[in-house]
Structure formats: C-alpha cells, structure tokens
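My entries follow the structure.

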Amino acid sequence: MPPSTPQFVAGPQQARLPYPYRPEVEVVDAALGTLRGKLDWAAVIAAGRPWVEAVRDKPAPFWAMESLLREYPISSAEGLALMRLAEALLRVPDVETAIALTADQLGRADFDAEQVTDGPHRILAGLSANAIALSKKFLPGAEGEGGLLARLGSKTVVAATVRAIQLLGRQFVLGRTIAEAMQEAQDQRKALESSRRGTKDAGNALRFSYDMLGEGARTERDAERYLASYQNAIAAISRGQVAASPQTADGISIKFSALFSRYEDAQRERVFADLLPRVWTLIERAAQANLNLTIDAEETDRLELSLDVLDALAARVARSFPLWGGFGLAVQAYQTRALQVVDAVAEIARKYQLRFMVRLVKGAYWDGEIKRAQEGGLAGYPVFTHKEHTDISYLACAQRLIAHADVIYPQFATHNAGTIAAILQMARTAGAAFEMQRLHGMGEGVYREVMKDEGVPVRVYAPVGEHRDLLAYLVRRLLENGANSSFVHQLADNAVDVQRLLASPLNPGRPSAFPLPAYLYPADHGKQRRNSTGADLAVIADRAPLEAAVAATQLRAVPEATGAEVEAAMARLDAGHDSWNARPVAERAAIVRRAGDLLDSRLAEFCGLLVKEAHKTLGDCVAEVREAVDFCRYYADQAELRLAGEVLPGPTGESNELRLGGRGVFVCISPWNFPLAIFSGQVVAALVAGNTVAAKPAEQTPAVAARMVELLHEAGVPADALALLHGPGETVGAALTAHPLAAGVCFTGSTQVAKIIQRTLAAKDGPIVPFIAETGGLNAMIVDSSALPEQVVDAVVQSAFRSAGQRCSALRLLVVHDGIADGVIEMIRGALAELNVGDPAFLATDVGPVIDDEAFGNIQRSLERLGREAKAIGASTRTTAFPRLVPPCAYEIPAISGMKASGEIFGPVLQVARWNGDVDAVMHEINALGYGLTLGIQTRIDSRAQRLARLAKVGNVYVNRNMIGAVVGVQPFGGEGLSGTGPKAGGPHYLLRFCAEQTLTVNTAAAGGNAALLAGEAGGH
Ligand SMILES: Cc1cc2nc3c(=O)[nH]c(=O)nc-3n(C[C@H](O)[C@H](O)[C@H](O)COP(=O)(O)OP(=O)(O)OC[C@H]3O[C@@H](n4cnc5c(N)ncnc54)[C@H](O)[C@@H]3O)c2cc1C
C-alpha cells in the first residue's frame, strides 16, 4: 500500500433503504405508477420489430452458444451435461478424472442426430450432434469399448470436448490478456468506423469496460493478485494519457469480492479498513487517467454495505478529484429496493457535488437470491419473482436515473430489444445524455441493428482472462442464454412471434411466483407445515432485535436436582403418564405445535440465551432456534400422520387394529452443543408420542433448557408430563437411566457416555427398555480433481470451523485428490488466516470459544500430539482476548488410518490427507474408522458421487455443499456404527421408536355368528 493511501473507518451503519421483504405486488405497483403515461408501447414495438426481424434473418452460426442451447436447452439432460462439462472440464488436471467426467456427462445425455429438428441449421446442427454422438462411442462404458484403442479414443474425445468448450468460452472473452483484449477492441472500433464509412466520431460510439475474470478471492493472496491485475489493466487502458472524457473512453469494471475475501456485511469494519484502501489505489489511477471505473453489483446481502462504501469513497473522491466524473457503480433492477437504491446513489452524488456513471442492469444472481431466502426462512424474497416485474422495475429505475441527470450519467445494460427501444424513447423524450451497454458475446445481433442509429453510443463489457478463470462466468452466460424467460433465448426461437417477444411488461403486479419461505413445504396429507422464521442478519430491521436481546440477557441460575428430587419427579411423571397418554394424538400434537409457534415468536430471546450460555455466534443461534421450532411442528404433524393407529386386514369374523402410544417415562439426555434444538427435539418427540419426560440438559447449558421447559408448560404440557432435572451426568444422569421407572432413554452425546448408558440399561432388572443414541463421528469429505477449489474451501471452512467445530456433524478429515491438493491446502491456509476468533456476541466473529475448560484442555492435548506427529498447515491469527479460544487450524496427516489415533477432536481442528483417486479404496479406509455420521463429497462426476454414497456406511451424505446444518424433515439426521443407533432425528421414523405398540383383535363372530358375512358385506373388518 503506498504511504499516501488514506485510512477509512466505518462509521455507524445507516439504514438508507426500506425493508427488502415487502409484498411484491405493492412494490411493483408503486414502480408501475411512476411510469404511468411515460411510455408509448406501440412505438416501442414499432422500433424493436425491425431489429428482431433482421436478427432472425441472419441467425448466429451453428457453433454459437445460442444455437447450441436451442438444440440442447439447459432444461434437458443434454443441455445440463453441456453446462456441467463447461463448468468443470477445463480445470481438471489429470487425464483419468477428465475421462471419467466426460464419460459421466456425455453418457447420461442422449445426443442423438435423429433428434435434430428442421430449421436453417439442420445440417450443421446434425453434424455437431453426430460428432457428440460419435464421441460417446469412444468413451468407457459406451458400446465398442475395449482395450488400448478405446483408451486412446477416450483421450481424443476428451481433448476434442475440451477444445469445444474452449471455443464456447472464447465467445465471451475479449482476450486472454488486457493487451490482447485492447487489440480486439481496437479492431472492432475500426470495423465500425469503416462500416460507417469513416464517420469521424464512430470510434467514440463503441466503448469498452474491461473486466478481469476469476472466482472471488478466498485469501489475501488472491486479493493481491486481483488488485495487481486491475492496476495493470488501468495502466494499460490509460497508456499514460489523460482521456478527454470518461464517458467516451474505455474503462474498467471491478468486483469488491475479488479485492477482499471478506466483503460481507458482518465484516463492515474490515471492509472499510482493508478493502477501501485497495479500491482507493484503483480509483486514484482511474481518476488521474480520467477513466470510468464501475463497481459491479453483487449479492443482495451486500447492498446496504455497498452504499455505505460508495458514500465513504465519494467523500474522498470529492476531496481529491472533484472534477472527475468517471466514478460509478451498477444497480440491479431485480432488487425490490432498486428504485430507492437509485435515489440513494443520487443523494450521495448531490451530497458531495459529484456526477456518477451508473450502470443499470437487471441482475445476474437471481437463482442464488431465491435459494438464499428459502434456506434462511426469510420474510420474503429480496428480488422480484416474475420476470415482468424486473422489467417494470428496470424501466422505472431508468426513468428515475434520467430524472437525476444532473448528478448521474446513465448507462443502460440490456440485450432485450423491447427494453432497449423503451429506453431510447424515454431518454430521447427527456433529451438526456446516456449510453447503452452489452456483454461481449451477447446481444451482438440486436446491437448491430441498434447501432445503425449513429446517435446511440454503446459500451461493451469485456471479460479478460485465461480459460481457467472463465468457467464461472461462462456458466452464468449459459444460464442467461438458456433460461426460458430470457430475451436472448426467446429471440433465438422463431416459434416465439415478434409481438409476444416485444409485449409490454407494464401490467399490474402479481403475488410472488413462489410460496414465501414460510410456506416452502408443500402440504403433506392435507396439512401445511410452516417453515421456521429466520432473520436476515444483513438487514438492520431483522438484526437489531437480536442484538438488543443479546445485550439484555442475564443468565439465571438453575438449581441442581437432588437424589430425592429425582425420585419424586420420576414418581410424579409415572403417575402422570396414563392421563397424558390417554389424550388424543391431535391434542398432544396441538400443544407441541403451539410450543413451536411460541418459540418462533421468541427468536430474539432465545438467541440471547444461546449467545450468553452456549457462546454461539448469532448466525448459529438463529439456525438453532429455527431447528427447534421445526422439530416441534414436524413431530406434531408426524404424530398425527403416523400414530393414529390403523385397521389391519384379516379373515372374516374378526377385527384387527394396531394402536400406538407412549411407553411411560422417557429419560431424555441432551448435549451442550445444541442446548435448544437437540433438547427440544428429544423432548417433544417423546411427549407427542404419549410419554412423559424426565429431561436432563447438559451441565453447561441448563438455562436455555429451563426456559424451553417453561415454554412447553405455557403451551399446555402438564406439569406431571415434563420435568427438568439438571445436574451432573454422573449423579442425576446415572440415577435417571438406572431408575426402574425409566421406560426408555434418548441420548445425544459422546460415544463413550452412550456406552456407559447402554451398560447401565443392560445391567438393570425389570423391563428391557429402548435406547436411542446419537453420538459423534470422524466425518470425512472426499474431494476429487473435478471439484472447484473455491467451493471446496467454502464448504470446508463452514463444516470444520463453524460453531468452533463443536458439532457432531463437523468435518474432521479432508481427503483431497493429489492433482489439486497443493492448491486446496494453500487456499485453506489463506482462508484460515481470514477467520475472526473472539467474543460470539459480536456480529463479526466467525468462531467463538469452546464450551469449557475441560474441552479446552482436551483439544490442547490433541493439538500437542498433532504438532509432533503431523505437518501444520496453518491457523487463524485473528484472535481477540476472550476465554477458551481455540484458533481454527489444520494439519496434514500421512494416512487416513492416522485418524484412529486422534479419535474425535471436538473443536476447530481439521486433518487433511492426500488421495490418489482410487474411489473404492478411499471409502473402504474411511468406513474402517468405524464411525458413520456424515460424509461430504465434492465432485462433478455424478456417477462417482453415487458410487461413493452407496459404499459409505454413514447416515448423511452431502454432495457439493457443506455437511452441517441438517434441516428437519429435509435431511433427517443420525448415523450408524459408533455414531449412533438411529432412527434419524427429524425424519419420518423417529417417533415410532418412542412408542409402545398394541394390536387389538376382536372376534366379531363370537356373539352367535358372523352377521356381517351373512348380511353380504365383503371382508371381515
Ligand atoms: C454491461 C453489463 C454489465 C453487467 N453488470 C452486472 C453487474 O454488475 N451485476 C449483475 O448482477 N449483473 C450484471 N450484468 C448481468 C445482467 O444482470 C444480465 O445480463 C441481465 O439481467 C440480462 O438482462 P437483459 O435485459 O439482457 O435480458 P432479459 O432476458 O430481458 O432479462 C433477464 C433478467 O431478468 C431477470 N429475471 C429472470 N427471471 C426472472 C424472474 N422469474 N423474476 C424476476 N426476474 C427475473 C434476471 O435479472 C435476468 O438476468 C451486466 C450485464 C451487462 C450487459
């Protein structure tokens, strides 16, 4: 960093935008209102029609992505296979994996020449289909396989496929280096000039904004590399000269996520302290050269943050470069807050008397935003769910940008002919200066026509990079070209007539196209289970109540139960069983469901308790409360569905009925690592099945449990059906499990304690009682060389270090293919260095302390041993002063079997082993460890993932994602072997294990004869 670089300090966060999750109809209708009387859509169609017709008269060549996708849409198996290959094949380093991947993807699709329909490309398309169909013949598993010839053939086909994907990718990259890209830009400008017969300003009409391709930074080293490449690009673009105007000169687009691995709302202070000085070095260079520098728009959870950052940078720009008009950013119209973003940007410009260049886009992360909202149980979607709504919003934002012409130079990025025609109409009516923008490789046909009007300047967004860096971008473009709703896709489809293609989107708003996240789960047997309510920690309105609750929480002491109290409680619960069990299932279910609803409404209170007592981070607390709510609602539904009993078939003259009910007093013993979710899950399952419950929470976390028991009583669970018995395992736990009135035991905790309980139960006289145990694991993640290292490292960091590694599902052993191991290990080292370890009450903390001194001591001893026996990879150094912090760390071990010596280290400690690629052998070695809880698999070879899952003796397998955070009713959780007895928590078979079963057979013919049969009724029941 040069010494002149100013420091940036994050001030208090300002809420500049409204709540993102307002009803979609309202938001759209408001946007629509701003457009009333502003657009003549008949004129839009009249302007757009000739462009569309001209493009359709001169279709794209057969090798262009549009053509390929028309033949093999992404909704088809073939299209999907192409996408998967495009995403992964170029990065695979070894021949074996490349062959396996190609065979896997081409093998599952049906690239058949016969399928090619009529149309202008019939012959060419047929040829390409034939080529692919032919390729299949040479791949392993296809007909004609055999010996060396087939192997050579395979390599040839793989090489050909690699080349085909390179060709596909090249359509979207202007050059591999900035110099190459600039040369290409120059050639395109010359071509335009000559087509305009030397018109003087033709050069100015075609501008470029260069984008340096790559995945987002995961480490400081990545960020440094991107910074250098941006600096290098700005130097190259300016060529040491000062441009006449940023509006007519080429410029650069930058992504904050490339310049800083922690560009997140929760890392606000570090964003200001670390990212902004980097951005400033780019701004300085761009401003000195008078170029346009645009900040790309990324995911919604950074939207508020991006405005604060803009404000801070603008303040500095106003001081250092008050006359520079090249600073800008992209605004996404698909955001429900888009109009307010435009206003907020204009306000910042006015505040500092600057003029920004603002690029209006529709938005590139739509599918991801919808998924994030559903996963998080958020109050709604932050983006529109109907394409038409995004179009309305785009036009409303365009209108607003034009209205802010004094402080904004608008840049309209779209490939949609209808949108372009509407923008031209609006801008010209207002007499505003503006430019249009397109992506390199997209919208070429439409803009060829649009640019026949010499008054329309166009800037091309021009990605620069090598093949390896292109893949994520290429997949985005495949999706954009392939989506049914997208304009470019429909333009390439002659079946969509022009009138429909250019139809006005200006219609009244409609409700969300998808159920809101609260109603995600479809009705099951006529009942809808409501999803638990989450919180968007990046939105102040959602976060503030949680932070206030944390600050206000005081833990209260929970008295330990004496031996006499245990005795009394067991007697009382036993006495209470008959009446509780006699209640109809629906009544018990209603009480448990009510408890879920109460808990759902007390998210903040319970988050406060969890932070203070279990030292969890806020994100983990929200997830835990949600899990407990889901348990209540799910088990209530399951009870009604499965415990109502059933009539069984049999011979005539008798009736047969199966009835299910509680067994008596169930002892539930839960751990401190999920003091609310596991505690509640066990207790409500036992209760709803008709048992009364003696609940023993972990010694470390009685306050959370006590509050939950109060809540259950408030919901209607009688006092003699549920009792909290807090105290040490050795006394209270032992007394409960050994108690003659205990009719069953449900336990979650260590394998060691599970064994003790098992022996206690075996040694006990009296009835043989069921034992449900869920214990730990030596959980592994297997990564082959087709996996994306950045995705792997994200999954590793979440799985191994979240909750300070104190989850039974946590990743303990990473097994990485030799071909990519060095790179992945290096990235893990860098990612570890970025984790903040400290007080969990701070939003910025990633990893809090371990639970108590004993746990801390155990981990330290394991670390000492690993320090001697393994090779240290790295550890987090961003540690603040707080008790019992264990900085997350990773070690490389020579062999998987080495894990046996470690056992389960219940903390943020990861061990890494290298793998030669033998699929069966690796699974055999992992199975031999004896545990069977969770397994992660990272591969793009679907058949390999399936094979590994089949061979794995584990309860939960996760492919290409993290391996923690099982969702109730979605990923029922629990293992086998040393990891537990089953059944799975949050699954359809759980409640049955808590039940006693009874059949009732009545001889209906006993009283004299078989009246039903004689009356002519079929069957005897
Ligand atoms: C120069 C340039 C720069 C860009 N920079 C960025 C950037 O910084 N950040 C960014 O996010 N994107 C960026 N993009 C990508 C851009 O978001 C997409 O290319 C654009 O959305 C495609 O819009 P269109 O008008 O060309 O196509 P259209 O087909 O008219 O619109 C497609 C868009 O509609 C939206 N959409 C699709 N289905 C639905 C639905 N069911 N409900 C609601 N909305 C839906 C999506 O945003 C989708 O991308 C940029 C694009 C260009 C041309």
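I took strands as DSSP runs of E at least two residues long, numbered from the N terminus. The model is a predicted one.

Entry 1, the shell around the ligand. I counted 29 residues around the ligand, with Gly 363, Thr 390, Thr 414, His 415 and Phe 487 the closest. Strand 7 gives the most to this shell, 3 residues. I noted at least two residues each from strand 4 (327-332), strand 5 (356-361), helix 16 (387-403) and strand 7 (435-439). By class I found 12 nonpolar, 11 polar and 6 charged residues in the shell.

I looked up Thr 390 and found a side-chain N or O atom 2.6 Å from a nitrogen atom of the ligand. For Lys 362, a side-chain N or O atom is 2.8 Å from an oxygen atom of the ligand. His 386 uses a backbone N or O atom, 3.2 Å from a ligand nitrogen atom. The ligand on its own has 950 Å² of accessible area, and the protein covers 93% of that.

My search of the whole structure gave 6 cavities of 30 Å³ or more. I sorted the lining of the largest cavity into 11 nonpolar, 4 polar and 4 charged residues.

How values were computed:
Residues numbered from 1 in each chain as written. Predicted model: local features only at pLDDT ≥ 70, side-chain atom pairs only at ≥ 80, totals over all residues. Heavy atoms only, no water. Near = heavy atom within 4 Å. Polar contact = N/O pair within 3.5 Å; in protein donor to acceptor, adjacent residues only side chain to side chain. Areas by Shrake-Rupley, 256 points an atom, 1.4 Å probe, with all protein chains shown as cover. Helix = DSSP H or I, 4+ residues; strand = E, 2+ residues; numbered from the N terminus. Nonpolar A, V, L, I, M, F, W, Y, C, P; charged D, E, K, R; others polar. 1 Å grid on protein atoms, 1.4 Å probe; cavity = no way out; pocket = protein on both sides within 12 Å on 5 of 7 lines; lining within 4 Å. Points joined across faces, edges and corners; volume = space filled by probe spheres on them.
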